[in-house]
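Please view the sequence and the structure together, and then read the points grouped by topic below.

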Amino acid sequence: KGSLLTQYQFTDYRSPSASENYFTVGVNLEWRFHQFWSVEGGYNYDRLDADAALGARSYFRNRLYLGFKASW
């Protein structure tokens with residue numbers, strides 16, 4: 001099973017007069033090899049671009065994860 005997530009957000013501030021753009025995209029894959037067990041992995045990319053009036057808030061990051069899931 002797989003999934004794809006995208007999100008975009010624009011924020012406009014009145015005081016101080018500034019704005020920021022936030023964007024994220026993620027991909028997730030799950031392989032169920034037994035009725036109760038599966039492995040899961042994915043990748044996310046996040047980016048925030050903010051005006052200088054908001055301080056040093058701009059960033060980007062990459063996140064990679066891998067996990068094992070058991071359910072009953």
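Helices (H or I, at least four residues) and strands (E, at least two) are DSSP runs, numbered from the N terminus. Two strands pair if DSSP finds at least two bridges between them. This is a predicted model, in which local features need pLDDT of at least 70 and side-chain atom pairs count only at pLDDT 80 or more, while totals for chains, interfaces and linings use all residues. Residues are numbered from 1 along each chain as its sequence is written, and side-chain values use heavy atoms, with hydrogens and water left out.

- Four strands form an open sheet in the order 1-2-3-4, and their pairing is antiparallel.
- Strand 1 (2-13) and strand 4 (59-70) are the edge strands, each of which pairs on one side only.
- On average, neighbouring strands of this sheet are turned by 10 degrees against each other, direction ignored. For such values, axes are lines fitted to C-alpha atoms, for helices over the stretch in contact, and angles run from 0 to 180 degrees between N-to-C directions.

**Pairing between strands**

- Strand 1 and strand 2 run antiparallel and are joined by twelve bridges.
- A hairpin of four residues leads from strand 1 to strand 2.
- Within this pairing, Ser3 stands opposite Asn28 in strand 2.
- Strand 2 (residues 18-32) also pairs with strand 3 (residues 37-50) in the antiparallel sense, over 13 bridges.
- Trp31 has Val39 in strand 3 as its bridge partner.

- Ser38 is located in strand 3.
- Ser38 counts as buried because its relative accessibility is 2%; buried means under 20% relative accessible area, exposed over 50%, and partly exposed in between (1.4 Å probe, protein chains only).
- The side chains of Ser38 and Glu30 make a polar contact at 3.1 Å. A polar contact is a pair of N or O atoms within 3.5 Å; within protein, one must be able to donate a hydrogen and the other to accept it, and residues adjacent in sequence count only if both atoms are side-chain atoms.
- Leaving aside residues up to four places away in sequence, Ser38 touches Glu30, Trp31, Arg32, Phe33, Gly67, Phe68 and Lys69; contact means heavy atoms within 4.5 Å.

**Salt bridges**

- The structure holds eight salt bridges, a salt bridge being a side-chain nitrogen of Lys or Arg within 4 Å of a carboxyl oxygen of Asp or Glu.
- One of them joins the side chains of Glu30 and Lys69 (3.6 Å, N to O). Because Glu30 lies in strand 2 and Lys69 in strand 4, the pair ties together parts that are 39 residues apart in sequence.
- Glu30 is buried, with a relative accessible area of 12%, whereas Lys69 is partly exposed at 35%.
- Glu30 and Lys69 also belong to a network of salt bridges that links them with Lys1, Arg32 and Glu40.
- Arg61 and Asp46 meet through their side chains in a salt bridge (2.8 Å, N to O). Arg61 lies in strand 4 and Asp46 in strand 3, so this pair connects parts 15 residues apart in sequence.
- Asp46 forms a salt bridge with Arg63 as well, the closest N and O atoms being 2.8 Å apart. Since Asp46 lies in strand 3 and Arg63 in strand 4, the pair ties together parts that are 17 residues apart in sequence.
- Asp46 counts as buried at 0% relative accessibility, while Arg61 is partly exposed at 38% and Arg63 is partly exposed at 36%.
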